[in-house]
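Please look at the structure shown here before reading on. The report that follows takes up single residues and helices, and then turns to the protein as a whole.

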Amino acid sequence: EDDFQFILCEGCRQESPNLKLLTCLHTLCLNCLSKNKAARQCPVCWMAIPQTSSIPDTDNLLFTNLQARLSIYKKIADGVDLFCDNCKKAGEFWCPECKEFLCTNCFEAHQRYLKRESHEAKKVMDIRAGSAKDFLEGTRRTGNLTCSNPTHKSQTVSIYCKKCEKPVCCICALLDSQHAPFCDIRSETQRRQEELGTMSQELKQKRSSFEATYKALQDEAARLEQAQREMRELIQQRVEQLVQLLRQEEEELLGLVEARQEQGRQELARELQRVERVLRRMEAGERLVEKMSLYATEQEVMDMQPFIKDSLKELQQLQPPVAGDRAQPGDLAECRARLQAL
């Protein structure tokens, strides 16, 4: 199961009889291509699909045929519904050329009539004992090419026309003068495999440079992320420091306001006390003079008047404090200046 996950659709990871090969060399089923039709790009690598219909023209014959061959192997391995395709008896043999199950009798007839065709039918028990890779290798050797001429489909192809770049049968090679030069089909197949192998090796070398660039870009992205994270932490630290400084300044300013207010309250209290004492003295003087005019004898006036007169003169010389002549209590100008500086 794990060895052949590559034959599944790279979009939905399901088997499908209709696998399409995109120009980006990813393989998708028709269902995934239809869902992605509006985007018109490969959902795996996001490369644009050049076809206007968003459905590639090239079928992935390799994956499709592998699915079909593996389904036969699974049927043999499970041992379910193995019947002869000719007489419906128990199937004991499998012919990869005919792609049919054969019972013992049909196998003997098959070998007798097709012994010149090199059909090598194998026992089902032997196939079941082997691995899926062994089964695929056996069916791979039996695959025959067909002639490009539709009227020669039954002819065995062993020649490759380099001019047409197509396999041809012996009849085409002998009768059609347009086909030339020729080479053996197996040598051409081998040449194509080697050509793909060489290109794959070159791509591996180029891939290493792309991987190095990808790693460098990943490192750059990591450094960018690290720089962003460090800057974010630095900003948070600086803001926290500023907040602490502001809170410290807040405490100092509040303390200064409280000190100024307390100083102002004390100064006003002292001023109030002085004014209150003067008012009480004036009230006492007025009351004393009033009482003397009502009840004092001549002797009492003569004895007390000089003293009271001096006291009253002293009170007359006193002036009430003027607001503009002294500093305002509780002046907050310094606090306002520091706030403006912040």
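## E249 in helix α7

In this predicted model, residue E249 has its place in helix α7, which covers residues 185-295. The relative accessibility of E249 is 17%, and because buried means under 20% relative accessible area, E249 counts as buried.

Which residues does E249 touch, if those up to four places away in sequence are not counted? With that limit, E249 touches R338 and L342.

Helix α3 takes in residues 104-113, and among its residues C106, F107 and H110 are buried. They cover an arc of only 105° around the axis, so they lie on the same side of α3.

The cover over the buried residues of α3 includes the strands β3, residues 93-95, and β4, residues 100-102. On the face of α3 that is turned away from the buried side, the exposed residues N105 and R112 are found.

## D126 in helix α4

Is D126, with its relative accessible area of 52%, buried or exposed? The residue belongs to helix α4, which is made up of residues 124-129. Because exposed means over 50% relative accessible area, D126 with its 52% counts as exposed.

D126 can also be placed in relation to F93: the two are 33 residues apart in sequence, while their C-alpha atoms are 9.2 Å apart in space.

## The protein as a whole

Taken together, the secondary structure of the protein comes to nine helices and eight strands. The C-alpha trace spans about 175 × 50 × 35 Å along the principal axes of the protein. The radius of gyration is 56 Å, whereas a compact globule of 342 residues would have one near 20 Å.

Of the 342 residues, 22% count as buried, and the accessible surface of the protein comes to about 25,500 Å², with 54% of this surface belonging to carbon and sulfur atoms. When contacts in the protein with a separation of 6 or more are considered, 42% of them are between residues 24 or more positions apart.

Key. Residues are numbered from 1 along each chain as its sequence is written. This is a predicted model: local features need pLDDT of at least 70, side-chain atom pairs count only at pLDDT 80 or more; totals for chains, interfaces and linings use all residues. Side-chain values use heavy atoms; hydrogens and water are left out. Helices (H or I, at least four residues) and strands (E, at least two) are DSSP runs, numbered from the N terminus. The radius of gyration is taken over C-alpha atoms; the globule rule is 2.2 Å times the number of residues to the power 0.38. Buried means under 20% relative accessible area, exposed over 50%, partly exposed in between (1.4 Å probe, protein chains only). Contact means heavy atoms within 4.5 Å. Accessible areas come from the Shrake-Rupley method with a 1.4 Å probe; for residues, only the protein chains shown count as cover. The arc is that of the directions from the helix axis to the C-beta atoms.
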